[in-house]
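Dear colleague,

Please find below the sequence and structure that I am handing over to you.

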Amino acid sequence: MLPLPDLLRALDSGELSPSEHVDDVLSRLESDTTNCVVTLDADRARQRAAALTALSTSGRRLGPLHGVAVGIKDLVDVTGLPTRCGSRLLADAAPATADAPVVTMLRAAGAVVVAKLHTHEFAYGPTGDVAATGPARNPHDPTRITGGSSSGSAAAVAAGHLALTVGTDTGASVRTPAALCGVAGLKPRRGAVPGERVFPLAESFDTVGLLAADAASLAVARTALGESGASAAAVLPRIGVAEGDWWRPHDPVIADAVRAVADALAALGAPVAAQDTPGVAELAATYPVITGAEAYATHRHWFTERRDEYQPATAARLAPHAEAPAHLYVDARRERRRVGRALLDRLGASCDVLLCPTTRLRATPIGATEHGGVPVLPSMLQLTSPFNLLDRPVVALPVPVPGLPAGVQLVGITVGEDVLLGLARALETALR
């Protein structure tokens with residue numbers, strides 16, 4: 001699959017029609033081996049592609065994504081399709097009666113929705129191997145995880161099936177699968193992309209994001225959804241390279257990737273310096289308390305009456321919050337505000353963008369809870385969740401490394417998505 005800018009050039013020039021493109025995508029998805037697809041919407045996709053092809057023939061375009069096939073995480077409502085959230089509890093869910101706003105925006109831009117994509121059950125996990133439909137499989141090694149919870153969204157891009165997919169991110173769920181599958185991901189600030197009609201995990205942090213092959217594709221897609229895309233002056237920000245034990249990956253290849261990116265940024269002319277992050281461990285400790293309490297509040301009735309229908313790993317994560325006293329949740333929210341404010345003040349005084357690893361490990365074997373003596377779940381979550389707690393925009397970028405993919409995060413401390421995407425685009429060129 002071509003990166004999104006190249007695909008759009010082919011569609012705009014007439015070299016490729018929307019119908020040809022959508023037929024090719026559906027053929028790929030029908031023969032997929034990563035288990036990234038939950039539901040194909042083939043008939044409606046072909047009908048819409050035919051209508052868009054007719055517009056193209058007459059020299060008209062519906063919008064900036066005219067004819068582009070997109071996939072939607074199965075946490076997000078698409079009219080006429082059930083939203084099952086990767087769970088047996090919703091196996092008999094009725095079709096959605098309306099599109100989520102993000103889907104409406106994509107359709108208005110000319111995109112063609114072709115499929116609902118795999119999610120870790122109820123988005124409550126960073127591995128992507130816990131779902132009623134079985135694990136998603138990493139296109140680079142089908143015995144390994146994709147990361148989660150936007151597992152199918154990352155796998156579909158990495159496998160070359162789709163140029164653009166929609167995911168969600170509560171603590172890791174766009175960025176971790178992006179890193180493990182070797183694609184790019186955007187986590188905007190909360191609410192920057194509308195989150196209505198998306199099944200909640202934790203209302204304090206839930207964010208709608210995007211996955212694509214590279215930052216250039218993300219910039220095009222973000223512009224189509226109403227933002228300014230990438231800033232051309234993106235190499236000017238002060239770059240802080242997160243240092244300290246908290247940020248040290250367990251896989252040395254990931255550490256090498258961070259150093260390579262820091263060197264490339266310095267070569268581009270950006271001021272680069274080591275950056276301490278006082279209080280980050282204390283801040284991160286509030287995440288499972290707040291997320292767990294809010295998730296349990298959503299699932300309380302189901303969990304009480306239908307616990308056996310959850311995947312065992314999901315039930316095990318929900319169970320501790322059934323009897324947790326309310327003051328733990330309130331205390332965690334207060335601690336988040338206190339520590340987060342101090343950390344942002346410290347960071348903003350010395351850097352505009354923070355560079356750090358996305359995960360501590362690369363893709364681990366499906367079903368593994370430990371890898372080389374290292375617990376898998378926290379390794380896939382701890383380096384991403386602080387930026388949901390701080391509500392900062394993040395671009396997750398793959399870095400060329402030997403073997404399985406690795407990725408880094410570019411976190412906007414004093415800058416927004418446009419600067420991050422511009423910086424990421426410059427980096428992609430420099431790292432080639």
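In what follows, two residues are in contact when heavy atoms of theirs lie within 4.5 Å. Please bear in mind that this is a predicted model.

I begin at the start of the chain. Leu 2 is found in the segment before helix 1, which spans 4-13. Setting aside residues up to four places away in sequence, Leu 2 touches Leu 7, Ala 10 and Ala 163. Is Leu 2 buried, partly exposed or exposed? Its relative accessibility is 41%, and because values between 20% and 50% fall in the middle class, Leu 2 counts as partly exposed.

Helix 1 itself has the buried residues Leu 4, Pro 5, Leu 7, Leu 8, Ala 10 and Leu 11. Two of these, Leu 7 and Ala 10, are also touched by Leu 2. An α-helix has 3.6 residues a turn, so residues three or four places apart point the same way. Among the elements that cover the buried residues of helix 1 are helix 2 (18-30), strand 4 (164-169) and helix 7 (215-224). After helix 1 comes Gly 14, with a positive phi near 90 degrees.

The largest pocket has a volume of about 360 Å³. It is lined by 24 residues, of which Gly 182, Val 183, Ala 213, Asp 214 and Pro 398 are the closest to its centre. The largest share, 3 residues, comes from strand 12. By type, the lining of the largest pocket comprises 17 nonpolar, 4 polar and 3 charged residues.

For the second largest pocket, the volume is about 230 Å³. Its lining consists of 16 residues, and the closest to the centre are Thr 127, Asp 129, Val 130, Thr 369 and Leu 377. Which elements give two or more residues to the lining of the second largest pocket? They are helix 10 (312-318) and helix 12 (376-379). Helix 12 provides the largest share, 3 residues. The lining of the second largest pocket divides into 9 nonpolar, 5 polar and 2 charged residues.

With kind regards

Note on methods: Residues numbered from 1 in each chain as written. Predicted model: local features only at pLDDT ≥ 70, side-chain atom pairs only at ≥ 80, totals over all residues. Heavy atoms only, no water. 1 Å grid on protein atoms, 1.4 Å probe; cavity = no way out; pocket = protein on both sides within 12 Å on 5 of 7 lines; lining within 4 Å. Points joined across faces, edges and corners; volume = space filled by probe spheres on them. Helix = DSSP H or I, 4+ residues; strand = E, 2+ residues; numbered from the N terminus. Nonpolar A, V, L, I, M, F, W, Y, C, P; charged D, E, K, R; others polar. Buried < 20%, exposed > 50% of the residue type's maximum accessible area, 1.4 Å probe, protein only.
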